[in-house]
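Open the model in your viewer and keep the selection panel at hand. Each stop below says what to select and what is there.

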Amino acid sequence: MKIIEPKLTENAITIAQKRYLRTDMDGKIIETPGEMLWRVALHIAKAEINWGSNGIVEETAKTFYERMVNFKFVVAGKAMFEAGNPGGTGQLSSCFVLPVEDNIHSIFKTLGDAAVIHKNNGGTGFNFSKIRPTGDKVKNVPNAASGPVDFLSAYSAALSKILQGSKRQGANIGILNCDHPDIIDFIKLKETDGTIKNFNISVGVTNAFMEAVEQDTQWELINPRNKEIVRRIKAKKLFTMIAEHAYLTGDPGLAFLDRMQEDNPTPSLGTIDCTNPCGEIPLLPYESCNLTSIVLSNHLKLGKDGSCTIDWDDLEKSIKIGVRLLDDMIEMNHYPLSEIEQMVKNGNRRIGLGVMGFAHLLFKLGIPYNSNEAVQLSQQLAKFIRKHAEEMSLKLGKERGVFPNWDRSIYAGSAERYRNCALCMIAPTGTISILANCSSGIEPVFSLVTLRKTFFEGDKHNKPTQELIMVDPVFAEFLES
């Protein structure tokens, strides 16, 4: 196989060296970016032997490699480091959700499970709403319960001690539902406590709560242990408190619980009430997801007049190859817990095909980000991506079989015999977008020149140790033209 070296910016090279390239025991880099991408493509393609004949692995690996080395799509940074790396853990998933029940055994079993996931370089999400409130009774002993906020703090303290790859603390999200008696303390968590740096927090809100905010009515806070009403508070007051603290500290966010459950493809398996650490994908307990992002701005055709148009054929190719790669990734993944393997590989086979470079796509097409034309194009792109992702999952379903939980899903009894229970999501792509030199996720370009603080090596307080000057590549190209 002839290795092709991708065109990388200086910042991209720095990112690759710090995050993705293999090193020896002395920390010396022992592969090039092109070799790294081939390592990843070949490792993931090894799954093909389960359904193909001799030669299928290398043939498929070359297909994956062509898409990756030309930055048509980029796998999650986690998979780039781990896939085929003998010095890694083999865990290719970035996102996990773990259950938290209202008993000490469950609380600390989940913390132990989370520690294993973090040791293997994953991030975790938790909904703490089943835990009885602070001061509640425990086995008829009054005022004995610590409450969810204290346990979240304990999780944060414990998980902060695990540096992933000796580079950084793992990411987490903690959710508390809006009807929990401790919700005010939760909202104020980061106001007074500067130690909770490895957790995002979000309030789980329902349609009923948002209607109560609109109507300015009372909202009931309910003890999850016995379902008794503990107190009432104006919904609008609670919402204002959320907004004020989100402005002051960046947290909490909002998790729309009813909306999340609407899209649950396997509702008989449980309720979705939590997301991965950055909130892009709601997951069931013990569910995880593999991620790959299509670089939209690299799917353009240049016309004779110098104008750009979307290369829809090339985009379709990337979508279908991306779905195949992600399904193969499920096979090649190492699962840190048996419950996760059962839910993912032998259950839902959820994948997350996303996009990045949307703002750069608009730049090159001459479309303002805040225009109706941009909204219409985003809808067209979303429908196109979903349509062809579904086509590929149906094709794989015929060749490889439906996802094992299919008969317990919303598709049971239909002709929609998918290989995967769900297909698409959009990640923030903060680091891999630097590698691909494109705008992150679906976000606008906030600044044409940015000073980015990054990397955590060598600092025991988990603070960034390096600054990168980021000059927008489309802006730079414009200045040079």
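Predicted model: local features only at pLDDT ≥ 70, side-chain atom pairs only at ≥ 80, totals over all residues.

Residues are numbered from 1 along each chain as its sequence is written, and side-chain values use heavy atoms, with hydrogens and water left out.

**Helix pairs**

Helices (H or I, at least four residues) and strands (E, at least two) are DSSP runs, numbered from the N terminus. Two packed helices are described by the angle between their axes and the distance between the axes. Axes are lines fitted to C-alpha atoms, for helices over the stretch in contact, and angles run from 0 to 180 degrees between N-to-C directions. Angles under 35 degrees count as roughly parallel, over 145 as roughly antiparallel, 65 to 115 as roughly perpendicular and the rest as oblique.

Select residues 104-119, helix H5, and 148-159, helix H6. Their axes come within 10 Å and cross at roughly 30°. H5 and H6 are therefore roughly parallel to each other. H5 passes H6 in a right-handed crossing (left-handed if the near helix is turned anticlockwise from the far one by less than a right angle, right-handed if clockwise). Now show the contact (heavy atoms within 4.5 Å). H6 brings Phe151, Tyr155, Ala158 and Leu159, and the H5 side includes Ile107, Leu111 and His118. The residues of this contact divide into 10 nonpolar, 2 polar and no charged. Ala, Val, Leu, Ile, Met, Phe, Trp, Tyr, Cys and Pro count as nonpolar, Asp, Glu, Lys and Arg as charged, and the others, Gly among them, as polar.

Next, select helix H12 (312-332) with H15, which spans 372-400. The axes of H12 and H15 are 9 Å apart, at an angle of about 45°. That makes H12 and H15 oblique to each other. Their crossing is right-handed. Among the residues that meet are Trp312, Glu316 and Arg324 in H12, and Phe384, His388 and Lys395 in H15. The class count for this contact is 10 nonpolar, 3 polar and 8 charged.

H14 passes H15 in a right-handed crossing. Phe358, Leu361, Leu362 and Leu365 in H14 meet Ala374, Leu377, Ser378 and Leu381 in H15. This contact has 7 nonpolar, 1 polar and no charged residues.

**The second largest pocket**

A pocket is an open set of points on a 1 Å grid over the protein atoms alone, with protein on both sides within 12 Å along at least five of seven lines; lining residues have an atom within 4 Å of a point. How much space lies in the second largest pocket? About 1,100 Å³. Select Asp263, Arg386, Leu423, Cys424 and Met425, the closest to its centre of 36 lining residues. H15 gives the most to this lining, with 6 residues. By class, the lining has 24 nonpolar, 5 polar and 7 charged residues.

**Backbone stops**

Most residues other than glycine have a negative phi, and most peptide bonds are trans. Zoom to Asp251 and Pro252, joined by a cis peptide bond with omega about 5°. Pro252 is in the loop between helix H10 (235-249) and strand E10 (253-256). Finish at Tyr286, where phi is positive, near 70°. Tyr286 is found in the loop between H11 and strand E11 (288-295).

Methods:
1 Å grid on protein atoms, 1.4 Å probe; cavity = no way out; pocket = protein on both sides within 12 Å on 5 of 7 lines; lining within 4 Å. Points joined across faces, edges and corners; volume = space filled by probe spheres on them.
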